[in-house]
Amino acid sequence: MLVDSLNWRVQNEIDNILSKPIVPSELYRAVRDSQLVGVSGYSKEGLPVFAIGVGLSTFDKASVHYYVQSHIQINEYRDRVILPSASKKFGQPINTCVKVLDMTGLKLSALSQIKLLTIISTIDDLNYPEKTNAYYIVNVPYVFSACWKVVKPLLQERTRKKVQVLSGCGRDELLKIMDYDSLPHFCRREGSGSGSSRRSYGNCYSLDHPFHQQLYNYIKQQSLICEPVEPVKQGSFHVDLPEPAAEGTEIAKTIQSELQKFGNRNRIHDSLDGLKIEDN
């Protein structure tokens, strides 16, 4: 697995990916507005807190390669900059992060995103293993609960133990492991799981948030160091997209099947609601 990962890094020039900014900045902003991820702060133990807007991410403003490039850049920036900086700040080795997944807005349209999400998760499994200490899932709609019941048994035990589905926005449980200032914006108060949460104070998804400003400026600076003469060319940094592992494929198919069942039930329910019973 290590040799395969090293080969992947060499063949795809991953060591140089932090010197390849997504340009122009309007395109990068569009990627950020449709691939919702950011760092909201740190846990009490010093682990970076990554917030991920699973339900509201649309992945519809750019090609697959731009989203994969952006995801790998965030992974690399985490490993090369954020984790070493956190280790120094907290005076102890910090090699993992915490992820808070917001399911607000999760709909049947997520079916169209399963392939891309499977590619991204496969890249993480093969090349960035064991980088997440815990997953906290919040603002859970019924459609997620239905999928989770059938997906949970398919997960490896070590992964299953890392996942916690919290009630509501998860604020009270998350405050046990992080300060209020480090809470993702969608966990700040009960009822924050509304569509307007994307615009609330401290939205760490936004390109204007300090995390993304620092990340984007870092990448632009690295591009000047590596290629000081040539102007930055527009175009995505192509990475070979991996074939999902058997486990990932099975999970993706299971999610797809459950979402389709859920959709069929809703259509039947809507049809029944539309029937009128005439009195004779």
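Some ground rules. Residues are numbered from 1 along each chain as its sequence is written, and side-chain values use heavy atoms, with hydrogens and water left out. As the model is predicted, local features need pLDDT of at least 70 and side-chain atom pairs count only at pLDDT 80 or more, while totals for chains, interfaces and linings use all residues.

I start with helix 8, residues 210–226. Helices (H or I, at least four residues) and strands (E, at least two) are DSSP runs, numbered from the N terminus. Which residues of helix 8 are buried? They are Phe211, His212, Leu215, Tyr216, Ile219 and Ser223; buried means under 20% relative accessible area, exposed over 50% and partly exposed in between, with a 1.4 Å probe and protein chains only. These residues lie on the same side of helix 8, because they cover an arc of only 125° around the axis, taken from the directions from the helix axis to the C-beta atoms. The face turned away from that buried side carries the exposed residues Leu224 and Ile225.

Strand 1 runs antiparallel to strand 2 (residues 48–53), over five bridges. Val37 is opposite Ile52 in strand 2.

Last, the cysteines. The whole structure has zero disulfides, a disulfide being a pair of cysteine sulfur atoms within 2.5 Å. For Cys169, the nearest cysteine sulfur is that of Cys187, 5.7 Å away. Cys169 is buried at 1% relative accessible area, whereas Cys226 is partly exposed at 47%.

How values were computed. Expected span 1.5 Å × (residues − 1). Pairing = 2+ DSSP bridges.
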